[in-house]
Amino acid sequence: MSDVIFEPLKFRNLTVKNRLFRSNVSGRFDNYDGSGTQARINWEESFARGGVGAIISSYVPVHLRGRIIPNYAMVDSDDKIPFWRAVGEAVHRHDCKYIMQLSHSGRQRDVPGVENFREKGLSSTSQKDSFHGLLCEAMSIQQIKETVRYFADGARRARQAGLDGVELHASHGYLITQFLSSGINDRKDEYGGALRNRAAFLLEIIQAIRKEVGTDYHLQAKLNAVDFGDALYPWEKKGNTLEEGIQVAQWAEEAGVDAIHVSIGSIFPHPLLPPGGLPVDEFNWWYGTMISSGVRGYMNYTVFHFKLLRPMINLLWNRTKKSHPVEAVSSEYCREVKKNVGVPIINTGGYQDGKVIRRVISEGYTDAVSIARPLIANRDLPHVLQSGKDLPEKPCTFCNRCLVNAPANPLGCYDVRRFNGDHDAMIAEIMKVYAPSQFSEQHLSAAVASEE
Amino acid sequence: MQEENLKVAGGTLTDYIYSSPVDHYQHHFRRIVLVIVLVALALVLIAGLYYFMSDRTPYYANISEHFKYGSIGAETGGSIFTEVGGVLPPYFVFKTLPAICPDKLPGGYASLGLVFEPGHDLPIGVSRRWRLGVEQVGLNCAVCHTGTVRQSADATPQIVLGMPAHQLDLENFFRFVEDASLDDRVTADSVIATAEGMGDHVSIIQKLILHLFLMDRLKLVTVSLQNRIGPLLNGGLPEWGRGRVDTFNPYKAIQFNWNLKLLPHDELIGAADFPSLWNQQPREGMHLHWDGNNTSVDERNLSASLGAGVTPVTADHASLQRIHDWIWTLPPPKYPFAIDHGRSARGKDIFTQACAECHSFGGRKTGTVENIATINTDPYRLNSYTYALTGNQAQLYPDSQYRFTHFTKTDGYANQPLDGVWARAPYLHNGSVPTLLDLLTDPAERPKQFARGYDVYNQQKVGFVYDTPQAKQAGTWYDTTIPGNGNGGHLFGTQLPLDQKLDLIEFMKTL
């Protein structure tokens, strides 16, 4: 009997061998200037080796000012193409597709970095974000046009690098969400107000990419089905509704995307996504990296730091989670999107258990799932599922410690319980991303050969 | 980077080569927070200054209400800043003392002759004033100058403003307040609980003040007051009894810190009746006080207020001026019962012949001092006012318009105008003769002992009932044989036939 998880998924311009996508995730593995490293290649290849059908890269900034955190490889110039070609080739060796996620942080720059800290982030609005207090200024029309161009250039570079497609990161509160969301976009011009106006930025990017790379190149958009803008602070605006999310997906389809990657959440992280725990102790250790990024950093850190205050953030963070499952957190909304669009749908949020994944695919919630944290914990999860098991021996606990470590430390699984309490073993596992290094025998001999 | 940015100041690079938007925001935010904090501190300071430094008292537009309840500045009581004590403890303490020490005053303040009106938690003559962060109480003119009159035992007492408070037992009032204030049961906790039980709201700040400062201060102040006026109240002297006060001996102790123990025993006997307050305008220039030691109504008023507990520092001159203006022309109360006009008409002639020279406005000797040898009434009150006290009084209010310049030592008692005399019983300066008819009787035949302070009126004898069981129960017992209580002297009219005496006192009801 065939397993729906392992049936190929055909897009207009791309076929993926199974229904498991590595969702967009990475650590601070690359050079500060946005050039890539061997560690990133190792990182991505490890997932391909594990059996996923396609990897969606971590967010890849199309412009320096739109970088979320330093040490992530960018695609802001042509000299980045060779690196991304090397990433693609490494992934392709495992019959895995590689989709670059084109991204612009907008105001949501968790760590602006030395290049950016003197300037506010660009956004649809001049209102700071609600969580960290990240400052921003509303983009001018000229800046909007330039940014549309950056996305199109990024897509071109991805194609030139031999990658299999691109995804627009239009969810989780980054720049395109900042235009789409009624809870954030307060513009009075043609990019604000009615939903169509708020969607204009996204649709212009899609059109520009299509114009740049043609219609025969895979292009997908990661969209919020619902914003839930008031999930953390009840006094914030709700943002876009499910109806609006569906409408945006339909417009994106009309504009030429080949797939919709469905998620939820007006900021990142968001109480509902990634679903799971809120490791306040990890925040206490690592949020320091972000204290000076926004004007609420000190306040947040104070709450994270003092145990007496932690119930405050737990209360706010958890108050809307009760109404949603951890596993397949956004599947119900995804099904509504899927009903209303014709292109294939990928859904993200809390996927690990084979039973759950089979059910959402077979019952029409989605065509594929994208997974990040469970794959960080078990790169071979696809092989495990293919072997007939529904869960790996030590499954991801959705504790979100990886998430909180990400701004400060190499990304990996930081749930020491999965290593039987052996901290050294946990660190050793995390550090595997650096092997082989670019100065290993394998790389050096390849370099000598090319010189000869 | 411009070159000047690289200049080194004192060997150290300056902090601000450039700054981030977050820096700007936080700098701006902190400035706002600083301003808010400073404004909040300023508001707290202003509120604190207002709370602790403001001096405010209820204003009564109606002059009668002002007379009864308005402050004249006698609320000098305890505070967190000063031990200067008033005669009375702060409001919450004063109000709760009888409830906390019911064994010491079973009938409450009313049993001492203080007059309560509906809607008022304090009696007539007790005023409120916010001073030094504490609600204080003090006495005003009305406490000694508001009397009650009844036609019969079952009638409702009629309150007469300006009338001598013949029913008031001031000495025992002072004794109770002092004694109860020092009682171990009177603590911040008991005062707060009792006040709240009475429906009062005691704020947190007031509770703190009571707990931390006020009760300790109060005890100290009371001990200090007791040390000063103890010799007057500790039982070694004749009782004042209802309707009487020793005007000048407490004055010597409280205002001038005299050690009363060093004074001759007889000088400490000085109790005399409360006088009436009405009709002051025609009295200006007369010898005022029983011994006629001052000829200025204003000085007499101010001096009397000092007796009520006002100090030169706290005196509310504006309030006193309102009282002055009111009593300047306040008419004497009309006799509230029936008058036999036939007798009254006959009595008028007798009055004109026998009394008017000394007791009518315009009389040749009215308002002058009659030598003690001539009038021959009890001399103690005269002797309690001394040359030494005159000298001390002259030192009050130096370099101000209020300085006393009219006090003199006299050699007798002043002839008093008799307006409203029906309401001024008992008679003579020391209240030693209960009725007018008794006064027209030979001293040997005048009542030797009687009750005073009972407010049922004897229309036949013109004065208050003094010899019934009810009078004895309600009043204090007055013994004319005790020093200072002598009922001799003033033989005028004693030789008249009874019928003429009755005509005369019938006429005197109309004065």
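Colleague: Why is helix H8 (residues 297-307) of chain B called largely enclosed by the rest of the structure?

Modeller: Because 9 of the 11 residues of H8(B) are buried. Helices here are DSSP runs of H or I with at least four residues, strands are runs of E with at least two, and both are numbered from the N terminus. The model is predicted, so local features need pLDDT of at least 70 and side-chain atom pairs count only at pLDDT 80 or more, while totals for chains, interfaces and linings use all residues. Residues are numbered from 1 along each chain as its sequence is written, and chains are lettered from A and ligands numbered from 1 in the order in which they are written.

Colleague: Which residues of H8(B) are buried, and what covers them?

Modeller: The buried ones are B:Val297, B:Glu299, B:Arg300, B:Asn301, B:Leu302, B:Ser303, B:Ala304, B:Ser305 and B:Leu306. Their cover includes helix H7 (249-256) and helix H9 (317-329) of chain B. After H8(B) comes B:Gly309, with a positive phi near 115°.

Colleague: What makes the buried residues of helix H5 of chain B line one face of the helix?

Modeller: H5(B) spans residues 188-197, and its buried residues are B:Ala188, B:Val191, B:Thr194 and B:Ala195. Seen down the axis, they fall within an arc of 145°, so they line one face. The arc is taken over the directions from the helix axis to the C-beta atoms. An α-helix has 3.6 residues a turn, so residues three or four places apart point the same way.

Colleague: What do the buried residues of H5(B) pack against?

Modeller: They pack against helix H3 (91-100) and helix H6 (204-233) of chain B. Just after H5(B), B:Gly199 has a positive phi of about 95°.

Colleague: How do you know that A:Asn400 is buried?

Modeller: A:Asn400 has 22 other C-beta atoms within 10 Å, which meets the cut-off, so A:Asn400 counts as buried. A:Asn400 sits in the loop between helix H13 (381-386) and helix H14 (401-405) of chain A. Its phi is near 70°, a positive value in a residue other than glycine. Most residues other than glycine have a negative phi, and most peptide bonds are trans.

Colleague: Why does B:Leu132 count as buried?

Modeller: Because B:Leu132 has 21 C-beta neighbours inside 10 Å. B:Leu132 also has a positive phi, about 55°, although it is not a glycine. Its place is the loop between strand S3 (126-131) and strand S4 (134-139) of chain B.

Colleague: Where are the cis peptide bonds at A:Pro436 and B:Pro426?

Modeller: One runs from A:Ala435 to A:Pro436, with omega near -5°, and A:Pro436 is in the loop between helix H15 (423-431) and helix H16 (441-451) of chain A. Another joins B:Ala425 and B:Pro426, with omega about -10°. B:Pro426 is in the loop between strand S10 (412-414) and helix H15 (436-439) of chain B.

Colleague: Why are H1(A) and H2(A) called roughly parallel?

Modeller: The axes of helix H1 (residues 38-50) and helix H2 (residues 81-92) of chain A come within 8 Å and cross at roughly 25°. Axes are lines fitted to C-alpha atoms, for helices over the stretch in contact, and angles run from 0 to 180 degrees between N-to-C directions. Angles under 35 degrees count as roughly parallel (over 145 is roughly antiparallel, 65 to 115 roughly perpendicular, the rest oblique). H1(A) and H2(A) are therefore roughly parallel to each other.

Colleague: Which residues of H1(A) and H2(A) make the contact?

Modeller: H1(A) gives A:Arg40, A:Ile41, A:Glu44, A:Glu45 and A:Ala48, and H2(A) gives A:Ala86, A:Val87, A:Ala90 and A:Val91. Two residues are in contact if their C-beta atoms, placed from the backbone, lie within 7 Å. By class there are 6 nonpolar, no polar and 3 charged residues. Nonpolar means Ala, Val, Leu, Ile, Met, Phe, Trp, Tyr, Cys and Pro, charged means Asp, Glu, Lys and Arg, and the others, Gly among them, are polar.

Colleague: How many residues does each chain bring to the contact of chain A with chain B?

Modeller: Chain A brings 7 residues and chain B brings 7 residues. The side of chain A has 3 nonpolar, 2 polar and 2 charged residues.

Colleague: How many helices and strands does chain B have?

Modeller: Chain B has 17 helices and 14 strands. Of its 511 residues, 48% count as buried.

Terms used. Buried ≥ 20, exposed ≤ 12 C-beta atoms within 10 Å, placed from the backbone.
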